[in-house]
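Please look through the structure below with the report beside it, and follow each named part in turn.

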Amino acid sequence: MASQEYSPVAAAVGMDENFLSLDDILMSQEKLTSRVETVFPRLGFLEKSSDETDIAVGTKLEMPLWLVKGLHDGKRRIVSVELPKIYREGWRTVFSADPNVVDLQKLGPYYYSLGLQMLHFDSPENLEIAQTLVQTYVGRFRRIMDSSQNAYNEDVSALVEKLDVLERSLFGAGQAGLNGFQCWEKGHASRITASSLVKNYRKRKFADLEV
Amino acid sequence: MDPSEVEFLAEKEMVTIIPNFSLDKVYLIGGELGPFNPGLPVDVPLWLAINLKQRQKCRIVPPEWMDVEKLEVIREQERKEDTFTPIPSPYYMELTKLLLNHASDNIPKADEIRTLVKDTWDTRIAKLRLSADSFVSQQEVHAKLDNLTLMEINTIGTFFTDSLNNLFKIRANLQPRGESTMSQEY
Amino acid sequence: MADTMGGFSDSEDESQELMTPAQLIGKLEEAWLNEKFAPELLENKSEIVECVMEQLNHMEENLQRSKKGDLRATIHRMETERIRYVLSSYLRSRLQKIEKYFPHVLEKEKSRAEGEPSYLSPEEYAFAKEYYANTETFLKNVALKSMPPNLQTVDLGKSVPKPNLDSFVFLRVKERQENILVEPETDEQREYAVDFEEGSQHLIRYRTVAPLVASGAVQLI
């Protein structure tokens, strides 16, 4: 039985984030361009290109998502957010034409999770963004399924190259199912192997001894 | 579930053996077996049949369907139909692998049987992927999966349910929602 | 060794239905698969676990008296090992879920009405409480104590994800069910009802069938 020594918390994939999910933490570091809506007194030093003491209304700043969410919520609108290109109408047209051609790793890599986070900022395009996310996911599903179910014992880096983080984990689940079955069919499954934790532990011990 | 656990379940299937030893009835927790008499067929679970075979204490009688002609019909049927055809055993794949690996000398035309079963499996898995794809693209909520075996479901199961669960989460945001519930207040 | 069959009927609980040992093992296997595939922690089956343990201990005691190389004893040993596997896999998958959802498992236990059966066995409850306390201590020692005073607490109930009851599951129907309402997924779809024929298999959202899993009318696969 494949025992998991550590089961990481999965990404929430929604408007909420999972506090303990590494994927969500990394996603919340994604930079967004935001426009300052109230003066930031005495914070001018944050902006290297100007000598002003304050940051004026209308200044554009790059900020991580977690900070933007703190400065733009139900109570305050200290900043407003510019929609990243990939969620704007131009790209949405590309996605509706053929979602499979887009390199979501390069343009994402948290395309779905970040896209859902963008719904926090009350854009008039929210509905279209959400619809595009669904269509893109559905449109790319077949290719992910086929590639993850056909690639056995080969280098898969080319197959996952253009997938976003969520799609990669899905690809991994497909591969795990396929590999499990192939191992079973070949009779490898009947061999009991040491857990990787135990193996690493031994290695560490030996390494310590050699010193 | 790990395929070896599906195999574990398959090992409960009853098969006929012809023992070469005598033993009175055995009262197992899961039911009684035997009596065993040399040369007289008796039904036992597969896990026991294989163990006895390994110790050269019996000959295994292959299940009725494990026969080249019958399997050819099944394979053709499977290729012809779009839907999943009823299969002679819910554990056909596991039984084939276990019996051919451990008792191939008791099964006539073992290699042909292996190929026929694998062909049937491949056809069925291809159909399974097709239906998975249409399930996702139609954004369905319920599917009937009669005639699918546990091993078939298990091979694609986690991938498929993960895909649907993701899709459900992404789609959950199509309707504007009331109050925002942050997973953690900062 | 025929006497081992009698060991089960003298159970302390008289209201409990009499089951043959074979049926008991069947129940354990059902519980095992349901627990493996259900997204949430199911009600514990301590009665089954205890009865199976009793059977196994009884059998193993008898086996100690057998001679080495006795075929009959070998067969019995193989069977007990198989049952032990199912039993420990069942208990282990429950522990994994407790580790994954511990704040919610404890919350459910706390809000349980008096007289309602507990989802956890006493041992599992102790495990969950200890796991909670250890996690809290760990987070405190590793990070929280170095944070500013107003950020020194983490609400575990909010930060540990809840089980996703909307997960899709595969199931086989054991008792025929009529009019299972399937909620629509898109705006174009409408709610509709399906009948579950005995022996049929389905793919559906767990939430829709959770009561049927609990009652034993369907088996997750």
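## Where chains A and B meet

The contact between these two chains takes 39 residues from chain A and 33 residues from chain B, where two residues are in contact if their C-beta atoms, placed from the backbone, lie within 7 Å. On the side of chain A that touches chain B, the elements that give two or more residues are H5, H6 and H8 of chain A, and H6(A) gives the most, with 11 residues. Helices (H or I, at least four residues) and strands (E, at least two) are DSSP runs, numbered from the N terminus. By class, this side of chain A has 23 nonpolar, 12 polar and 4 charged residues; Ala, Val, Leu, Ile, Met, Phe, Trp, Tyr, Cys and Pro count as nonpolar, Asp, Glu, Lys and Arg as charged, and the others, Gly among them, as polar.

This is a predicted model, in which local features need pLDDT of at least 70 and side-chain atom pairs count only at pLDDT 80 or more, while totals for chains, interfaces and linings use all residues. Residues are numbered from 1 along each chain as its sequence is written, and chains are lettered from A and ligands numbered from 1 in the order in which they are written.

## Chain A as a whole

Chain A has 9 helices and 3 strands, and from the N terminus on its elements run α-β-β-α-β-α-α-α-α-α-α-α. Buried residues make up 29% of the 211 residues in chain A, where a residue is buried if 20 or more other C-beta atoms lie within 10 Å of its own, exposed if 12 or fewer, and partly exposed in between, with C-beta atoms placed from the backbone. Among contacts in chain A between residues at least 6 apart in sequence, 60% join residues at least 24 apart.

The UniProt annotation "domain: GINS subunit", from an unreviewed entry, covers residues 93-184 of chain A; such annotations may be inferred rather than shown by experiment, and their positions are given in the numbering used here, with feature names shortened. Over residues 93-184, chain A is 72% helix and 0% strand, and the end C-alpha atoms are 44 Å apart.

## Helix H6 of chain A

Helix H6 of chain A (residues 126-150) has 25 residues, which at 1.5 Å a residue should span 36 Å, and its end C-alpha atoms are 37 Å apart, which agrees; the expected span is 1.5 Å times one less than the number of residues. H6(A) also has a kink of about 35 degrees, centred on A:Phe141, the bend at a residue being the angle between axes fitted to the seven residues ending there and the seven starting there.

The buried residues of H6(A) include A:Leu133, A:Tyr137, A:Phe141 and A:Ile144. What covers the buried residues of H6(A) includes helices H3, H5 and H8 of chain A, together with helices H5 and H6 of chain B.

An open sheet of 4 strands has the order S6(B)-S4(C)-S1(C)-S5(C), with antiparallel pairing. S6(B) and S5(C) stand at the edges, each with a single partner strand, so one side of each is left without a neighbour in the sheet. S6(B) and S4(C) pair in the antiparallel sense over 2 bridges, two strands being paired if DSSP finds at least two bridges between them. In S4(C), the bridge partner of B:Ala143 is C:Leu203.
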